[in-house]
Amino acid sequence: MHALPPHIADWFAARGWSMHPHQRAMLDRTATPALLLVAPTGGGKTLAGFLPTLAELGPKPPPGLHTLYISPLKALTADIRRNLSAPIAEMALDIRVEDRTGDTPQTQRRRQRADPPHILLTTPESLALMLSYEDAPRIFAGLKRVIVDEIHALAESKRGDQLMLGLARLQTLCPGLRRVGLSATVDDPPALGRFLAPHPHACEVLTADPGPAPDIAMLDTGTPPPWAGGGGRYAIPAILNQVARHRTTLIFHNTRAQAELFFHDLWLANTDSLPIAIHHGSLSRDARAKVEAAMAAGQLRAVVCTGSLDLGIDWGDVDLVIQVGAPKNVKRLVQRIGRANHRYNAPSKALLVPANRFEVVECVAALQAVRAGDLDGEPRGPGARDVLCQHILATAAAGPFHADDLFAEVTRAGPYTGLTRAQFDACLDFAATGGYALRAYDRWQRLMQDDHGRWRLRDPRSARAIRMNLGTIVEEEMLKVRLKPARAGAPLGQVEEAFAATLTPGDTFLIGGQVVRYEGLREMVVEVSRGRTREPRIAVFAGTKFATSTRLADRILALFRAGDWSALPAHTADWLALQRDLSRLPTRDRLLVETFPREGRHHLCVYGFAGRNAQQTLGLLLTRRMEEAGLAPLGFVATDYATLIWGLEPVTDPAHLLQSNELRTAFEGWLGQNAVMKRTFRTSAIIAGLIERNTPGRRKSGRQATFSSDILYDTLTKYDPGHVMLDITREEAMKGLVDFGRIEAMLARVQGRIDHVPCPRVTPLAAPLFLEAGRIPVKGAAEQRLLDEAANRLMAEAGLA
Amino acid sequence: MNGYDFTLAGARVTALPSGGLWWADARLLAVSDLHLGKSERMARRGGALLPPYDTAETLSRLEDDIAATAPATVICLGDSFDDDTAARALPDWAATRLTALMAGRRWIWITGNHDPGPTGLAGTHLAEAREGPLTFRHIADPDAPLPGEVSGHYHPKTCLTLRGRRITRRCLLTDGQRAILPAYGAYTGGLACTAPVLDALMGPRAVAILLGTPPVPVPMRV
């Protein structure tokens, strides 16, 4: 063990604090090239990450950037800057700490490039931007350490791919750079280490004492949850009671729409006027900032929130976490629970509130898993190549490069170690020429090779467009919502453009906990007034939907099979018994399929328990086969456990539709032409720079000029089916949204044992599916049938027939 | 013919699934807003390198319509090219296909806002053309003598919500006095027919003919 630098030892001594063992261990490993710290929330993890920097810099550091800190949230960088400034001031260190995010003013960014601070706090997107400047080598000269906070969260998305490509670039600029990752509890720390470390170097993993086991239970509400639906509004009295008995409660929801509905009803029931706020990603920045400030000041008793509060911002003294709705994933549940009792040695306290009776089963299964310490996780796929295309363009914006050098550098990034030269070359060709079989753009290539064989921008002015397009978060097209009159009204938040398009003046919906009345659309702003009396429509906000993990699904099926439902509340056990009597219960080695009529449509329900994404793919495949069979499917909805399809004709032989080799053939043919692929294509095409991001100013200039990404997708599949963007779309869809592997695993397990149960009406287990959001239309013969019917009616009504 | 027949200023015309307008009695085919060369223009201006197949796709639509109708006259209603340079830079293979289409028939290029200059291609170049009761121009003229105006420019489209399904299609607008054709080109977006400018142009009994096979009429103001 090294001796502690006196300024740090004195500081701890002066406060009467003793260092956590893992903080000490981090100091001892200051020289380690790649190090991952896994510690529960509240374990002084961030300070552990910075202590080696404070030790190395000392009281009188020379100028120049020493440590780069990267976090997934802008808010986190500001929070960390505040938290670091106290120890730095108290240790009397002459260290400058600054943050740099999308919100940082231009003048300050310029100054930071000319005269970087000792410690710079930033996000993956801002790092990518800084690396795209020609003076990147000068900005980062002398950089010694990089700290990646909440690395488990970054690793879950393409932001992690982008960041690791950025670190590979930094490592070339600063060969001695040391990397530290800070992570919450995860199922596979070595895999996260390989993600972080510069290939082929190993990553040392430090695991902190996980602390006492959490105090976690299902909330006893006295009333049973509803048969169907989400949001847990039935539990509001019991939840308010818990809020009143604790200092600060975080109430997590899985989607923004559910959080909104819940918050609205919570306020109506909040007769004691407890200060409770709402926080989610669709709210305006001002609204979120207000909540964050009130939270930090300890003025709130509860916050209704979504994943936007998942990450470790220290917003006060939370002593209870309530999870409303099934947790979907045990690992995420454990991380959320860790938000309570931010003191290292106190057990976290959490309550689960199932939103409906099916979720009771899932919550019980999750509780068993938490107690057994059985974390789940799917292995991370290889790095996304749309991100690589963007990185190649950004690298060219910074200066010329040799393809060989860039390939070597990129394959040192953890997510891209398996990248082949051919895959890389296809991305480079795409970035340079568009990569089309028809070489149409020889004169207008984006990248050209110079006399030394180095790739550079053909037109240096294109660097600006490349920088504008950096980033891997592609939002649905969102519209701002403002109170009328538009110029004076405060922005309330934003809604999906597709949702706004369904509104007619007078419709009401919820945003920021208020019911508002739709007045009209003006200059791409949704204008609303305050509505009071009418029942609101639900705003269908974009929100990440997680699939229930394989392990949790297996636990649920095991619970069904056990027949011993004593761990379940009586109402849920009764409900399952009713399902068993009216139909059957799903089991792991058989596949239950129900058919029943409802509201003039025929329904088919398949209980695959394969997770939301795989069930969605199953829906796409089955509706395709139904379309071919003339069954006129209209649409479907998928949840983690089932797919519900509706159409104009009944299905009499579902086993025939579900034959595994025919499904696989359908899958091969289908991949080319469906809504999920088109959505994936749009995202990948924007990231890769094929489609420029729609900035509000551009969209206002006229809709005639912009056209749908679907047109590009259809054109490519028709004229250039081997194009790299289609390959990338396929790769990305296979990873997450398609998840065909889980369907194949399910069908292999079932081996043709399909139980078709025709029912006269909707079954207990199928009922919740009717309230699911995210219905997917099938654009087939049924659409033309509907259109013909409607046309005749509408023309007659208008007196035009 | 898998189209939708209607009467415009006394002329019996047909809206084709492709977005073209076929006037059988005059053996005249009108198409609007081909925007040939759009991907090339975007690349030239330093924008994204879009799949360079839009010109091929648009021409193959036109070839199909011409093969099916065998028109004596074709009128391209303006914005046939995404700009004048795109017209001059038309690749040889595309010029050859276009020339083959023009052979043996009258061909009229109406001037559009995207392609104000002469294209250098054969055919007649006009600001507007009059055929019997119909006048063909690029942008509808609110003060034009009616009935009988055929124009393009606005790329009209319609959105309907039916049994919870949202359907968006390109459409041809007509009130029996005027017709506004949808964009025919592959890479074209649309303007919702609820836009005030379209509302002001069309009479109270206006119909939006949604493109499809076959095209389907609905009231323009649903």
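Modeller: Let's start with helix H15 (residues 357-371) and helix H22 (residues 570-582) of chain A, which pack at an angle of about 115° with their axes 9 Å apart. Helices here are DSSP runs (H or I, at least four residues), as strands are (E, at least two), numbered from the N terminus. The axes are lines fitted to C-alpha atoms, for helices over the stretch in contact, and angles run from 0 to 180 degrees between N-to-C directions. That angle makes H15(A) roughly perpendicular to H22(A), a label used for 65 to 115 degrees (under 35 is roughly parallel, over 145 roughly antiparallel, the rest oblique). Their crossing is left-handed, meaning that the near helix is turned anticlockwise from the far one by less than a right angle.

A quick word on the ground rules: this is a predicted model, where local features need pLDDT of at least 70 and side-chain atom pairs count only at pLDDT 80 or more, while totals for chains, interfaces and linings use all residues. Residues are numbered from 1 along each chain as its sequence is written, chains are lettered from A and ligands numbered from 1 in the order in which they are written, and side-chain values use heavy atoms, with hydrogens and water left out.

So who meets whom? From H15(A), Arg357(A), Phe358(A), Val360(A) and Val361(A) meet His571(A), Thr572(A), Trp575(A) and Leu576(A) of H22(A). Contact here means heavy atoms within 4.5 Å.

Now zoom in on Val361(A), which sits in helix H15 of chain A. Val361(A) is buried, its relative accessible area being 0%. Buried means under 20% of that area, exposed over 50%, and partly exposed in between (1.4 Å probe, protein chains only). Skip its neighbours within four places in sequence, and Val361(A) is in contact with Ile556(A), Leu559(A), Phe560(A), Leu568(A), Thr572(A) and Leu576(A). Take Leu568(A): it is 207 residues away from Val361(A) along the chain, yet their C-alpha atoms are separated by 7.0 Å.

For another helix with buried residues, look at H11 (residues 236-245) of chain A, where Ile236(A), Ala238(A), Ile239(A), Leu240(A), Gln242(A) and Val243(A) are buried. The cover over the buried residues of H11(A) includes helix H12 (256-269) and strand E9 (249-252) of chain A. Helix H6 (residues 124-131) of chain A is mostly covered too, with 8 of its 8 residues buried.
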